[in-house]
Amino acid sequence: MVDMRRNRERMVREQIEARGVTDPRVLAAMRKVPRHRFVQEALRLQSYEDHPLPIGYGQTISQPYIVAHMSEKLEAAPGMSVLEIGTGSGFQAAVLSEMGLDVYSVERIRELHFATQSLLRELRYYRIRLKLDDGTMGWPEMGPFDRIIVTAGGPTIPEPLVHQLADPGVLLIPVGKNKRMQQLVRIRKQDGDVTLEKLGGVAFVDLVGTHGW
Ligand code: SAH
């Protein structure tokens, strides 16, 4: 029996702390969420390695470092509401939930939505709310959101998401005309102003929808 907690501890030290992530809530959440449960059984041993992994339907669970990096760049505090676009495996949603956030997450692929819904129940993440829909339209009935995180890359910033962002609020999204490579963009809403900041290159699967590809 492989000790997954040891793998996880090593992952946090060597991939996340070593690269400069310091937010204690992010580090604690990355230590707590059982990442190996969010991939298919045959890939469990690889789940703590330094790369993304396939989760079916042409989609991936993000690299551990990217999940931690984005969670830190959200500048979130417990009790805030966060909308995630691209539930996928549910791993990022579980990390945000462990950070004390009120998580709403939208996925467009039916099979992933239902599989992740039952996994999150089994792991007792009862407070994460999931929706099967085109997330580029946001989740208007539940907004505005203090934080929004998009975990798929689109050609532009979906207008409905900026609209559903609270003031003050922070929105993180990979954006780029090139499908294999995006800029991680942070949008800040403050006193009615919207400002944009580039945080560096990332590579995400396609954001597909009305305001996506
Ligand atoms: N956060 C996920 C990453 C999954 S990959 C995790 O932790 O595992 C990105 C996901 O975004 C895929 O599952 C893909 O189907 C989904 N996606 C792409 N476009 C979408 C859209 N318009 N609305 C909702 N989900 C979308």
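This report covers the overall build, the sheet and the aromatic pairs of a predicted model.

## Overall build

The protein chain holds 6 helices and 9 strands. Its C-alpha trace spans about 55 × 35 × 35 Å along the principal axes. The radius of gyration is 16 Å. A compact globule of 213 residues would have one near 17 Å, so the chain agrees with that expectation.

Of the 213 residues, 53% count as buried. The chain exposes about 10,000 Å², and carbon and sulfur atoms supply 50% of that area. Take the contacts in the chain with a separation of 6 or more: residues 24 or more positions apart account for 55% of them.

## The sheet

An open sheet is built from 7 strands. Their order is E5-E4-E3-E6-E7-E8-E9, with mixed pairing. Strand E5 (129–132) and strand E9 (193–202) stand at the edges. Each has a single partner strand, so one side of each is left without a neighbour in the sheet. From one strand to the next, the twist averages 15 degrees.

Strands of a sheet pair through backbone hydrogen bonds, either parallel or antiparallel. Strand E3 (residues 81–85) and strand E6 (residues 145–150) take the parallel sense, over 4 bridges. Within E6, Ile149 is the bridge partner of Glu84. Helix H5 (residues 110–122) packs on the sheet. H5 touches strand E4 (102–107) and E5, and its direction makes about 165 degrees with that of E5.

## Aromatic pairs

The whole structure contains 3 aromatic pairs. One of them joins Phe38 and Phe91. Their ring centres are 5.6 Å apart and their planes stand at 75 degrees, so the pair is edge-to-face. Phe38 lies in the loop between helix H2 (24–32) and strand E1 (53–56), while Phe91 belongs to helix H4 (residues 91–98). The pair therefore ties together parts that are 53 residues apart in sequence. Phe38 counts as buried at 5% relative accessibility. Phe91 is buried too, with a relative accessible area of 1%.

Tyr104 and Trp139 form another edge-to-face pair, 5.6 Å centre to centre with 90 degrees between the planes. Tyr104 lies in strand E4 and Trp139 in the loop between E5 and E6, so this pair ties together parts 35 residues apart in sequence. Both Tyr104 and Trp139 are buried. Ring pairs also bring in Phe145, linking Tyr104, Trp139 and Phe145 into a cluster.

Note on methods. Residues numbered from 1 in each chain as written. Predicted model: local features only at pLDDT ≥ 70, side-chain atom pairs only at ≥ 80, totals over all residues. Heavy atoms only, no water. Pairing = 2+ DSSP bridges. Helix = DSSP H or I, 4+ residues; strand = E, 2+ residues; numbered from the N terminus. Axes fitted to C-alpha atoms, helices over the stretch in contact; angles between N-to-C directions. Contact = heavy atoms within 4.5 Å. Rg over C-alpha atoms; globule rule 2.2 N^0.38 Å. Buried < 20%, exposed > 50% of the residue type's maximum accessible area, 1.4 Å probe, protein only. Areas by Shrake-Rupley, 256 points an atom, 1.4 Å probe, with all protein chains shown as cover. Phe/Tyr/Trp six-rings, centres within 6.5 Å; stacked < 30°, edge-to-face > 60°.
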